[in-house]
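Subject: Handover of a protein structure

Dear colleague,

Please find below the structure that I am passing on to you. My notes on what was found in it follow directly after.

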Amino acid sequence: MCGVFYIDQDSVLEVRKLVTEVDQRILAMDFSGDIHPTAPAPVITGGRKGLKLSCQRWGYPGYQKSGVIFNARAESVQEKKLFQSGIRYHRAVIPAKHFYEWNALKEKNLFSRVDGKVLYLAGFFDLMENEERFVILTTSANESMSVVHDRMPLVLEESQITDWILDYSSTEKLLCQMPGNLKRQTDFEQMTLFAY
């Protein structure tokens with residue numbers, strides 16, 4: 001599950017090299033810090049001439065106007081009526097420097113790429129309440145994540161971004177892939193004592 005991620009201006013500049021169009025709102029906003037559900041964030045989508053960097057709000061309105069739906073399970077997203085239009089016609093990639101996950105003891109863990117480059121989180125969007133809103137896909141946790149949580153964002157490689165966004169025939173395969181291992185950092189790591 002992904003409930004908070006971090007983006008900085010250097011990451012946005014890196015992403016701008018991948019796209020052919022940039023929404024003017026991106027140029028006017030300073031994305032430096034943690035992004036929580038309902039906040040605006042940079043999102044890569046399909047544009048008229050290829051990939052476009054736009055600004056969207058994170059999360060669909062919750063049922064009966066309460067809460068927010070900010071994640072969807074990759075395994076069942078195509079079966080859910082609320083998500084069918086987005087996953088079929090409006091796939092997106094959400095860039096992040098890192099994301100956070102809390103373990104059962106409520107300790108915060110930071111996950112990033114081993115090479116320090118931008119993470120690309122698979123997602124989709126739709127028009128909700130007169131604005132485009134996105135959802136991040138989650139999948140079963142890989143080895144680097146399973147010590148903290150049983151779910152994780154569906155992380156794509158940079159080389160998969162165009163196929164994910166523009167080629168619907170790639171959707172099924174990418175929804176089923178296991179993300180590569182990530183680097184995990186914590187402010188506090190419990191030490192285990194062994195008695196001999």
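Predicted model: local features only at pLDDT ≥ 70, side-chain atom pairs only at ≥ 80, totals over all residues.

Overall form

The protein chain has five helices and 16 strands. Its radius of gyration is 17 Å, close to the 16 Å that the globule rule gives for 196 residues, so the chain is as compact as a globular protein of that length. Taken along the principal axes, the box filled by the C-alpha atoms is roughly 65 × 35 × 35 Å.

Of the 196 residues, 49% count as buried. When contacts between residues at least 6 apart in sequence are considered, 67% of them join residues at least 24 apart. The chain exposes about 10600 Å², and carbon and sulfur atoms supply 51% of that area. As for charge, there are 23 positive and 25 negative charges, and their mean positions are 4 Å apart.

The nonpolar core

In soluble globular proteins, nonpolar side chains tend to be buried together. In the present model, the largest nonpolar core has 55 residues. The residues with the most contacts inside this core are Phe-5, Ile-44, Phe-124, Phe-134, Leu-137 and Trp-164. Strand S12 (residues 119–128) gives the most to the core, with seven residues.

Leu-137 belongs to strand S13 (residues 131–140). Its relative accessibility is 0%, so Leu-137 counts as buried. Between Leu-137 and Tyr-120 there are 17 residues of separation along the chain, and their C-alpha atoms are 11 Å apart.

Val-93 and its surroundings

Val-93 is part of strand S9 (residues 91–96). With a relative accessible area of 0%, Val-93 is buried. Which residues does Val-93 touch, not counting residues up to four places away in sequence? They are Val-43, Ile-44, Tyr-120, Leu-121, Leu-156, Ile-161, Trp-164 and Ile-165. Val-93 and Thr-162 are 69 residues apart in sequence, while the distance between their C-alpha atoms is 9.4 Å.

Leaving aside neighbours within four places in sequence, Asn-103 is in contact with Asn-109 and Val-148. The C-alpha atoms of Asn-103 and Ala-74 are separated by 21 Å, and these two residues are 29 residues apart along the chain.

Lys-106 lies in the loop between S10 and S11 as well. The phi angle of Lys-106 is near 65°, a positive value in a residue other than glycine.

Two further loop residues

A positive phi in a residue other than glycine is also found at Thr-38, where the value is near 85°. Thr-38 is in the loop between strand S3 (33–35) and strand S4 (40–47). At 42% relative accessibility, Thr-38 counts as partly exposed.

Asn-130 is placed in the loop between S12 and S13. Its relative accessible area is 77%, and because exposed means over 50%, Asn-130 is exposed. Asn-130 and Ala-39 are 91 residues apart in sequence and 15 Å apart in space, C-alpha to C-alpha.

With kind regards

Conventions: Residues numbered from 1 in each chain as written. Heavy atoms only, no water. Helix = DSSP H or I, 4+ residues; strand = E, 2+ residues; numbered from the N terminus. Rg over C-alpha atoms; globule rule 2.2 N^0.38 Å. Buried < 20%, exposed > 50% of the residue type's maximum accessible area, 1.4 Å probe, protein only. Contact = heavy atoms within 4.5 Å. Areas by Shrake-Rupley, 256 points an atom, 1.4 Å probe, with all protein chains shown as cover. Lys, Arg positive; Asp, Glu negative; His and termini not counted. Charge placed at Lys NZ, Arg CZ, Asp CG, Glu CD. Core = buried A, V, L, I, M, F, W, Y, C linked by side-chain atoms within 4.5 Å.
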